[in-house]
Structure formats: C-alpha cells, structure tokens
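Let's take a walk through this model together, starting with charged contacts and ending with open space. Have the sequence and the 3D view handy.

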Amino acid sequence: MRSTGMEALDSRLGGIEDGGLFLVLGEDGVGKSVLGLHFLVAGLYNRERCLLVSDADPTEIDGRGLYIGFSPGKLSQHPDLTLVNIS
C-alpha cells in the first residue's frame, strides 16, 4: 500500500494500491477536484510525473493550486506535470 499524501485519508483507507484505478463520484461542490489536486500535488512533491486532464485554463489551475497550498511557482508550469485541455 502507498500513501495518498493525505494523512487523514490514509488513516481511513490505509493507503492505496500501486497501479490501481480509482473513481471518485459525488455531487457538485463536494470537493472531488480538490481531492484530485491533493493527489496530484503529493505526486509532484514526490517527483512523480503527473497528468492532469481538465477543461480549466492554466490560470484557473494555478488558482486551485494556490487554494490547496501548492508552492513554489505556478502549478500549471511544473516540469513534471503534463496538462491536457479538453475544452
């Protein structure tokens, strides 16, 4: 099992399996995107290559990164992050 990067979630799940596929469902506004960004940022801090598929523009992604405390720099410009805009 591997850490999710979020201590509170790890305490409930015990971590996640490497190579697993996970689907997060919920009503609008419950925090699915914020949860996903926490996973993404934890991966970037661990120097993992990450992929973000979104319809948000880079400015919005940077704002969301600031909201969850990502630093330094702009999340959209991180060298280990590939952005795919689907809009």
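A salt bridge here is a side-chain nitrogen of Lys or Arg within 4 Å of a carboxyl oxygen of Asp or Glu. Side chains of opposite charge can pair when their charged atoms come close. Before we go looking for such pairs, a word on the ground rules: this is a predicted model, where local features need pLDDT of at least 70 and side-chain atom pairs count only at pLDDT 80 or more, while totals for chains, interfaces and linings use all residues. Residues are numbered from 1 along each chain as its sequence is written, and side-chain values use heavy atoms, with hydrogens and water left out.

Start with R2, whose side chain meets that of D18 at 3.2 Å, N to O. That pair ties together distant parts of the chain, with R2 in the segment before helix 1 and D18 16 residues away in the loop between helix 1 and helix 2. (Helices, H or I with at least four residues, and strands, E with at least two, are DSSP runs numbered from the N terminus.) R2 also forms a salt bridge with E48, where the closest N and O atoms are 1.9 Å apart. Again distant parts of the chain are linked: E48 sits in the loop between helix 2 and strand 1, 46 residues from R2. Put together, R2, D18 and E48 make up a network of salt bridges.

How open are these residues? We call a residue buried under 20% relative accessible area, exposed over 50% and partly exposed in between, using a 1.4 Å probe and protein chains only. D18 counts as exposed because its value is 56%. R2 is partly exposed at 36%, and E48 is partly exposed too, at 26%.

R64 forms a salt bridge with E60, the closest N and O atoms being 2.6 Å apart. The two are 4 residues apart in this helix, so about one helical turn separates them. E60 is partly exposed at 37%, and R64 is partly exposed at 32%. To get your bearings, M6 is 58 residues from R64 in sequence and 17 Å from it in space, C-alpha to C-alpha.

L51 belongs to strand 1 and counts as exposed because its relative accessibility is 54%.

Last stop: the largest pocket, with a volume of about 1100 Å³. Of its 34 lining residues, the closest to the centre are L35, G36, L37, F39 and L40. A pocket is an open set of points on a 1 Å grid over the protein atoms alone, where a 1.4 Å probe fits, with protein on both sides within 12 Å along at least five of seven lines; lining residues have an atom within 4 Å of a point. Grid points are joined across faces, edges and corners, and the volume is the space filled by probe spheres set on them. Helix 2 (32-45) supplies the largest share of the lining, 9 residues.
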